[in-house]
Amino acid sequence: MDLKYVTISGANEHTDIKELADLLYQYPQAEIGIQVSDKKASFDSKRYEWFFLLYDYVKTLKQNINVALHINPGWVEKVCQGYMPIELLKMMALKNPDGGLFVKRLQLNFKIGRDELDLNYARLHWIISRFYNHRFILSYNEANKEFIDQFYFIYGPCFDLLYDESHGEGKPPQQWRPVAYSDVVQGYSGGLGPENISSEMTKIALLNVGNQPVWIDAEGKLKGNDGHLSLEKAEAYLKEASRWCR
């Protein structure tokens with residue numbers, strides 16, 4: 001198993017930029033997942049402003065970090081239809097000091113049956129192909145499984161895959177899912193946190209032998225008493241997960 005990313009989801013305008021940057025500097029495989037939507041990340045929002053303050057800060061330090069935008073309802077429907085909001089385009093255009101992309105991955109947080117989606121295989125593939133320098137993440141669960149299986153059958157491994165059946169309950173599944181497609185990078189999310197990451201990583205490793213690339217994503221169990229990301233819990237999570245990094 002090759003653990004490519006250890007994702008901390010939930011960093012936002014309530015997260016101290018300096019402390020976050022210091023933490024990410026210690027863990028090269030750390031990735032922050034920032035939740036974005038029309039309501040939370042439009043031009044006049046605090047999150048949009050915070051995002052660019054974060055970028056300016058790490059650019060000043062000449063520090064490279066891994067950033068994923070988790071695109072939620074309000075925007076995800078538009079993206080799946082082939083339309084990329086201007087705010088997202090401006091975020092996606094930013095570069096790290098080494099010339100690489102500041103935002104490397106885009107997670108499409110749609111769920112068939114929950115969202116008012118007009119999903120179309122060709123339009124989704126067009127948007128993925130149009131922005132080929134970014135990796136797109138599709139969420140794999142029972143609701144989305146049939147659509148993604150068919151999409152993969154038609155277009156092949158043009159995306160990363162996040163296995164997530166937690167449904168917001170904050171509990172890991174009784175059994176993690178084996179790799180859906182051998183040539184697709186698969187991630188695991190749902191109920192992961194500093195107190196159980198070691199035991200859950202052991203289970204995940206047993207399903208991913210050899211050099212199979214995977215990543216893990218935690219959010220709910222990294223929140224503090226104020227309901228926002230706790231960098232103290234995030235550090236404990238990264239410290240335990242880093243034992244699995246090469």
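Modeller: Helices (H or I, at least four residues) and strands (E, at least two) are DSSP runs, numbered from the N terminus. This is a predicted model, where local features need pLDDT of at least 70, side-chain atom pairs count only at pLDDT 80 or more, and totals for chains, interfaces and linings use all residues. Residues are numbered from 1 along each chain as its sequence is written, and side-chain values use heavy atoms, with hydrogens and water left out.

Biologist: What percentage of the residues count as buried?

Modeller: Buried means under 20% relative accessible area, with a 1.4 Å probe and protein chains only. By that cut-off, 51% of the 246 residues are buried.

Biologist: Which residues have the most contacts inside the largest nonpolar core?

Modeller: A nonpolar core is a set of buried Ala, Val, Leu, Ile, Met, Phe, Trp, Tyr and Cys residues joined through side-chain atoms within 4.5 Å. The largest one has 74 residues, and Phe51, Leu88, Phe102, Leu108 and Ile216 have the most contacts inside it. Helix H2 (residues 46–60) gives the largest share, six residues. Another core, of five residues, lies apart, with Tyr5 and Trp215 among them.

Biologist: What is Phe102 in contact with?

Modeller: Contact means heavy atoms within 4.5 Å. Leaving aside neighbours within four places in sequence, the partners of Phe102 include Phe51, Leu54, Ile65 and Leu94.

Notes: Buried < 20%, exposed > 50% of the residue type's maximum accessible area, 1.4 Å probe, protein only.
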